[in-house]
Amino acid sequence: MGEYMAKLETLFPILNTPASSTLARAAAAAPLHSTGCLTEYRPIAARSIVGKTNSRRGLPFTHTINPYRGCEFACRYCYARYTHEFLEIRNSDEFEHKIYLKENAAWLLNQDLARLKRGTEIALGTATDPYQPLDRRQRVTRSLLEVFAGKSGFGLGIVTKSTLIVGTSTCSRRSPPVTS
């Protein structure tokens, strides 16, 4: 009987899987916020919105902000696809089909900036594009820029390939019509 009991572990391999990380459990439990064209959008709680870079490449910034996890632009050359592994999502195609938006991003940024010293250089959108199509409705990036507008002493750079950055103003900046 004992030799049969020892083999039960291989009959039920799911019992031998390691426990999920806190971040992966939060992602798995995140409610479906909305759907786009084959894309799911889910809110995810974050403890911080600003991350510190650890690079020896002489980057012009020391901190980063990524308001989303995953990116709907689906650039095949994107180095950030591995970030979904932290959510225990191994299929690289899910990087563009499961987008997580960080909840309370503006509030988190206020908290994080209070801990950073003046002169800190921050890059917005280093692992995912901050102006994804979802930002048209959610305005997470807009809320972050509003926080920066009320602060001074921080350098900010934005990395995006989206045209949404042009349409972020609340007022129209159209030129008057040309008459001949």
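Trainee: In which sense do strand 7 and strand 8 pair?
Mentor: Parallel. Strand 7, residues 121-124, pairs with strand 8 over four bridges. Pairing here requires that DSSP finds at least two bridges between two strands. Strands are DSSP runs (E, at least two residues), and helices are runs of H or I, at least four residues; both are numbered from the N terminus.

Trainee: Before I go on, what kind of model is this?
Mentor: It is a predicted model, where local features need pLDDT of at least 70, side-chain atom pairs count only at pLDDT 80 or more, and totals for chains, interfaces and linings use all residues. Residues are numbered from 1 along each chain as its sequence is written, and side-chain values use heavy atoms, with hydrogens and water left out.

Trainee: Back to the strands. What stands opposite Leu-124?
Mentor: Ile-158, in strand 8.

Trainee: And the sheet, what's the strand order?
Mentor: 3-4-7-8. The sheet is open, has four strands and shows mixed pairing. Strand 3 (50-52) and strand 8 (155-158) are the edges, each pairing on one side only. From one strand to the next, the twist averages 30°.

Trainee: Which strands does helix 7 lie across?
Mentor: Strand 4 (63-65), strand 7 and strand 8. Helix 7 covers residues 140-149 and runs at about 160° to strand 7. Contact means heavy atoms within 4.5 Å. Axes are lines fitted to C-alpha atoms, for helices over the stretch in contact, and angles run from 0 to 180 degrees between N-to-C directions.

Trainee: New topic. How many salt bridges are in the whole structure?
Mentor: Four. The criterion is a side-chain nitrogen of Lys or Arg within 4 Å of a carboxyl oxygen of Asp or Glu. One of them joins Arg-142 and Glu-146, at 3.1 Å, N to O.

Trainee: Why can those two reach each other?
Mentor: They sit four residues apart in helix 7, so about one helical turn separates Arg-142 from Glu-146. Side chains of opposite charge can pair when their charged atoms come close.

Trainee: Is Arg-142 buried or exposed?
Mentor: Buried, at 16% relative accessibility. Glu-146 is partly exposed at 47%. The cut-offs: buried is under 20% relative accessible area, exposed is over 50%, partly exposed is in between (1.4 Å probe, protein chains only).

Trainee: What does Arg-42 meet in a salt bridge?
Mentor: Glu-40, at 3.1 Å, N to O. Arg-42 is buried at 18%, whereas Glu-40 is partly exposed at 26%.

Trainee: And Lys-98, which residue does that bridge to?
Mentor: Glu-94, with the closest N and O atoms 3.4 Å apart. Lys-98 is partly exposed at 25%. Glu-94 is partly exposed too, at 22%.
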